[in-house]
Amino acid sequence: MKQWKETMILAWMAGVAIGIGGTVYLSVEPKALGAVLFSVGLYIICVQKLNLFTGKVGYLVGEKKAYLLFLAEVWLGNLAGTFLVGWLTRYTRIAGLSEKAAALCQVKNDDTFLSLFLLGIWCGLLMYAAVDSYKKCQNPLILMFCVAVFILCGFEHCIADMYYYSAAGMWSLDAFMRVLIITVGNGVGGVLLPLADLSRKKEA
């Protein structure tokens with residue numbers, strides 16, 4: 001029970017961090033600057049060792065099945081954190097950001113499931129590369145560049161999308177399904193580099 005509580009608290013705080021990143025992205029122009037500043041959320045997560053689904057899913061390779069339950073808990077905690085930031089933002093003087101969030105959500109709602117899945121894959125790959133590279137070199141630039149690239153390319157990040165739907169007040173069954181599809185895409189992308197590394201080790 002204690003371990004579950006800790007997992008959820010760290011996941012909730014990671015969701016809050018991504019919500020803050022999403023807020024600054026919506027708040028500034030040009031878009032490229034907002035994309036770079038969004039990375040403050042991931043930087044907080046890495047430094048504080050919080051639980052972010054897209055930062056953890058790549059390590060599924062080689063783990064036991066129980067890790068899937070851990071990932072599910074992290075995903076739910078991230079959802080709670082992003083929802084809180086997005087929902088509360090609607091009651092502040094920056095509530096106008098909800099209109100920008102709604103425009104982003106409408107793009108996702110008008111997209112096909114296949115497109116969302118594929119765009120989720122490339123984001124998942126970049127997120128694993130960012131987190132794992134930061135662990136190895138402790139250089140925040142890798143976080144900034146990977147985050148900026150996935151945003152500017154239009155790739156889909158399931159946790160960031162949770163925040164946008166919450167800030168826009170546009171949650172629905174269809175929106176939830178789209179976030180789930182993006183989640184699967186993020187998961188597939190997140191394990192690509194670990195699988196390649198595992199293959200290389202087996203051949204060595």
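This is a predicted model: local features need pLDDT of at least 70, side-chain atom pairs count only at pLDDT 80 or more; totals for chains, interfaces and linings use all residues.
At the start of helix α7, a side-chain oxygen of N139 lies within 2.9 Å of the backbone nitrogen of L141.

On one side, Q138 belongs to the loop between α6 (113-137) and α7. Q138 is not a glycine, yet its phi is positive, at about 55°. With a relative accessible area of 48%, Q138 is classed as partly exposed, because this value falls between the limits of 20% for buried and 50% for exposed.

The next helix to consider is α8. Here 11 of the 11 residues are buried, so the helix is largely enclosed by the rest of the structure. The buried set comprises C158, I159, A160, D161, M162, Y163, Y164, Y165, S166, A167 and A168. G169 follows α8 and has a positive phi, near 65°.

One partner of α8 is helix α4. The axes of α4 (residues 66-89) and α8 (residues 158-168) come within 7 Å and cross at roughly 35°, and the crossing is right-handed. From α4, the residues that take part in the contact are W75, N78, L79, T82, F83, V85, G86, W87 and T89; they meet C158, I159, M162, Y163, S166 and A167 of α8. Classified by residue type, this contact has 10 nonpolar and five polar residues, with no charged residues.

T23, which lies in α1 (residues 2-27), touches V85, T89, I94, L97 and Y163, neighbours up to four places away in sequence being left out. V85 and T89 of α4 and Y163 of α8 also take part in the contact of those two helices. T23 counts as buried because its relative accessibility is 13%, and the limit for that class is under 20%.

Helix α9 (residues 173-203) contains R178. Its relative accessibility is 8%, and R178 therefore counts as buried. When neighbours within four places in sequence are set aside, R178 is in contact with K108, N109, D111, F113, L116 and Y165. The C-alpha atoms of R178 and C158 are separated by 8.9 Å, although the two residues are 20 residues apart along the chain.

E29 and P30 are joined by a cis peptide bond, with omega about 0°; P30 is placed in the loop between α1 and α2 (31-48). K49 is found in the loop between α2 and α3 (53-56). Although K49 is not a glycine, it has a positive phi of about 55°. K49 is exposed, because its relative accessible area is 64% and the class begins at values over 50%.

Terms used: Residues are numbered from 1 along each chain as its sequence is written. Side-chain values use heavy atoms; hydrogens and water are left out. Helices (H or I, at least four residues) and strands (E, at least two) are DSSP runs, numbered from the N terminus. Buried means under 20% relative accessible area, exposed over 50%, partly exposed in between (1.4 Å probe, protein chains only). Contact means heavy atoms within 4.5 Å. Axes are lines fitted to C-alpha atoms, for helices over the stretch in contact, and angles run from 0 to 180 degrees between N-to-C directions. A crossing is left-handed if the near helix is turned anticlockwise from the far one by less than a right angle, and right-handed if clockwise. Ala, Val, Leu, Ile, Met, Phe, Trp, Tyr, Cys and Pro count as nonpolar, Asp, Glu, Lys and Arg as charged, and the others, Gly among them, as polar. A polar contact is a pair of N or O atoms within 3.5 Å; within protein, one must be able to donate a hydrogen and the other to accept it, and residues adjacent in sequence count only if both atoms are side-chain atoms.
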